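The sequence and structure come first, followed by the notes.

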Amino acid sequence: MNLYLAPLAGYTDPCYRAIVDDFHPAGMVTEMVSMRALYYKDKKTLKMLTPPREKNTSLQIFGDDPQIMETCVREYLNHLPGFVAFEINMGCPAPKIVKSRSGSGLLLDQDRAFEIIQRVKEAANRPVGVKTRKGFHEDELGMDLALRAQEAGADYLVIHGRTRDMYYEGKSDWDFIHRLAREVKIPVYGNGDIFTIQEARDRLAAKDLAGVYIGRGAIGNPWIFQGIQPSLEERIRVMMDHLDKALAYYGEKQGILEMRKHLLAYMKGLKSCKEVKVALMRAKDREEIRQILLNYQEDQIHP
Ligand SMILES: Cc1cc2nc3c(=O)[nH]c(=O)nc-3n(C[C@H](O)[C@H](O)[C@H](O)COP(=O)(O)O)c2cc1C
């Protein structure tokens with residue numbers, strides 16, 4: 001089934017992608033990477049360009065300046081091995097991003113969006129996708145942008161069926177997504193509110209989508225790609241594996257900090273784990289985290 005790990009800032013780094021890779025998604029997308037920051041050689045941004053070890057990862061980029069984006073593609077991105085496509089973010093709803101006319105701000109400035117897509121596509125040595133939303137306010141500007149993206153040469157579209165004003169509230173409009181998919185000729189990936197493999201199956205049944213992107217449903221839940229409910233033992237194994245990867249990639253101190261949100265997410269919905277979550281947030285090293293999890297496991301077996 002064509003299930004993709006959606007780009008999630010703060011989550012879909014090389015460590016979590018390595019975890020998800022074991023569950024064989026059709027593809028994965030990095031966190032969004034600022035082309036302006038790359039242009040000025042920001043160190044943290046350069047690290048985000050670490051070539052993927054997995055076979056099927058796309059690099060997500062965002063920016064407001066067509067010239068800067070084109071230069072970044074030619075001078076940096078085209079030389080990166082591994083990434084299968086460049087995906088331009090035209091959906092991020094954050095006020096700072098919108099104000100700078102990137103992310104979903106480009107729904108309101110479609111001439112600029114067109115120029116960005118055209119120049120990135122012309123410069124890029126691999127496929128270029130565009131990820132956007134249904135609209136900005138209560139409109140369907142996403143439809144116009146999809147058609148313009150196609151005209152500008154985009155190879156595929158990813159559509160989140162919410163407007164920018166909805167942020168992550170309300171529901172993703174899948175009728176809109178299917179309508180859009182029938183309106184354009186390039187492949188369309190649908191996105192929004194998929195939390196089980198059955199929901200993914202239902203969305204794909206219409207056969208008009210190339211696949212679905214799973215975002216929040218995959219946070220703390222790589223098993224979603226296989227439709228598996230993990231045992232506690234398996235859950236802890238994956239948590240420790242993920243932790244080890246983060247410690248190796250970020251170093252001891254930052255690795256622990258980066259893992260906090262993931263650890264909470266892995267524990268979501270488990271019974272009597274309130275105190276465990278608090279303890280995990282305070283834990284200072286690998287051994288402490290391992291002990292907290294093993295004690296919790298022991299308590300579940302012998303309450
Ligand atoms: C914490 C978080 C970070 C996100 N980061 C990105 C990002 O970097 N790029 C992007 O295109 N979308 C980003 N998104 C949006 C998701 O990719 C996805 O479009 C949205 O969450 C809806 O899908 P879902 O209901 O499956 O989560 C982010 C969403 C969340 C919750």
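**Briefing: ligand shell and selected residues**

T30 counts as buried because its relative accessibility is 2%, where buried means under 20% relative accessible area, exposed over 50% and partly exposed in between (1.4 Å probe, protein chains only). The model is predicted, so local features need pLDDT of at least 70 and side-chain atom pairs count only at pLDDT 80 or more, while totals for chains, interfaces and linings use all residues. Residues are numbered from 1 along each chain as its sequence is written, and side-chain values use heavy atoms, with hydrogens and water left out.

**T30 and strand β2**

- T30 lies in strand β2; helices (H or I, at least four residues) and strands (E, at least two) are DSSP runs numbered from the N terminus.
- Not counting residues up to four places away in sequence, T30 touches P7, L8, T12, R17, T57, S58, L59, Q60 and F83, contact meaning heavy atoms within 4.5 Å.
- The side chain of T30 reaches the backbone nitrogen of Q60 at 2.9 Å; a polar contact is a pair of N or O atoms within 3.5 Å, and within protein one must be able to donate a hydrogen and the other to accept it, with residues adjacent in sequence counting only if both atoms are side-chain atoms.
- T30 and Y11 are 19 residues apart in sequence, and their C-alpha atoms are 8.7 Å apart in space.
- S34 also lies in strand β2, which spans residues 27-34, and S34 is buried because its relative accessible area is 19%.
- A polar atom of the S34 side chain lies 3.0 Å from the backbone nitrogen of A37.
- Residues up to four places away in sequence aside, S34 touches T45 and F62.

**Ligand shell**

- The ligand is surrounded by 17 residues, the closest being A9, Q60, N191, D193 and R216; a residue is near a molecule if one of its heavy atoms lies within 4 Å of it.
- These shell residues divide into 8 nonpolar, 6 polar and 3 charged, with Ala, Val, Leu, Ile, Met, Phe, Trp, Tyr, Cys and Pro taken as nonpolar, Asp, Glu, Lys and Arg as charged, and the others, Gly among them, as polar.
- A backbone N or O atom of P7 lies 2.8 Å from an oxygen atom of the ligand, and a backbone N or O atom of A9 lies 2.7 Å from a ligand nitrogen atom.
- A polar side-chain atom of R216 lies 2.7 Å from an oxygen atom of the ligand.
- The ligand taken alone exposes 610 Å², of which the protein buries 88%; accessible areas come from the Shrake-Rupley method with a 1.4 Å probe, and for residues only the protein chains shown count as cover.

**Annotated positions**

- An unreviewed UniProt entry places the feature "binding site" at Q60, K131, H160, G215 and R216; UniProt positions follow the numbering used here, feature names are shortened, and annotations may be inferred rather than shown by experiment.
- Q60 is found in strand β3 (residues 57-62) and counts as buried because its relative accessibility is 2%.
- Neighbours within four places in sequence aside, Q60 is in contact with residues including P7, E31, E87, N89 and K131.
- G215 is found in the loop between β8 (211-214) and α10 (232-250), and G215 counts as buried at 12% relative accessibility.
- The unreviewed UniProt entry places the feature "active site" at C92, in the loop between β4 (86-90) and α5 (95-99).
- C92 counts as buried because its relative accessibility is 14%.
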